[in-house]
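Grab a pencil and work through these exercises on charged side chains and their surroundings. Each task comes with a solution to check yourself against.

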Amino acid sequence: MLKPVRQHLRDPSYDFDVGPGWRQLVLECHRAVVAEFPEYELLAVKQKWGSLSFQAFPRLWEPGGNWTDAEYSRLHAVTDAFADRSQGICERCGADGSLRESRPILLVLCDRCETLVPEHGRL
């Protein structure tokens, strides 16, 4: 499912660090970024503090930078919108969810998945 996203990774061996419930959201974020920055460079996709963190540059990084502040701001506006959306989507199953602070790792889970995920573990 995330094969198109993988093509933009700086490090092709990188493994996405999000649960299955967010994979569709990651793909939608990728499509939105590619619509504005077709040659963007992806650094990481992970869950950070209970929201999606889609870390990217507008294009391949070069020493000294090769994009404008406006481009970088626009990229972050796009990815931040998906981070906001992720805060209401269960990372495990994709249903409506909410931030759960009952474990060492902040997760967005639905009520059902909250009872299935061990307190000490990830997804």
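**Exercise 1.** Which residues does Arg100 touch, not counting residues up to four places away in sequence?

*Solution.* Start with contacts, meaning heavy atoms within 4.5 Å. Arg100 touches Ile105, Leu106, Leu107, Leu109, Cys110, Asp111 and Glu114. This is a predicted model, where local features need pLDDT of at least 70 and side-chain atom pairs count only at pLDDT 80 or more, while totals for chains, interfaces and linings use all residues. Residues are numbered from 1 along each chain as its sequence is written, and side-chain values use heavy atoms, leaving out hydrogens and water.

**Exercise 2.** Is Arg100 buried or exposed?

*Solution.* Take the cut-offs: buried is under 20% relative accessible area, exposed over 50%, partly exposed in between (1.4 Å probe, protein chains only). Arg100 comes out at 14%, so it's buried.

**Exercise 3.** Where do Arg10 and Glu41 lie?

*Solution.* Their side chains form a salt bridge at 2.9 Å, N to O. Arg10 sits in the loop between α1 (3–6) and α2 (23–36) and Glu41 in strand β1 (residues 41–48), so the pair ties together parts 31 residues apart in sequence. Arg10 is partly exposed at 45%, whereas Glu41 is buried at 6%.

Note on methods: Salt bridge = Lys/Arg side-chain N within 4 Å of Asp/Glu carboxyl O. Helix = DSSP H or I, 4+ residues; strand = E, 2+ residues; numbered from the N terminus.
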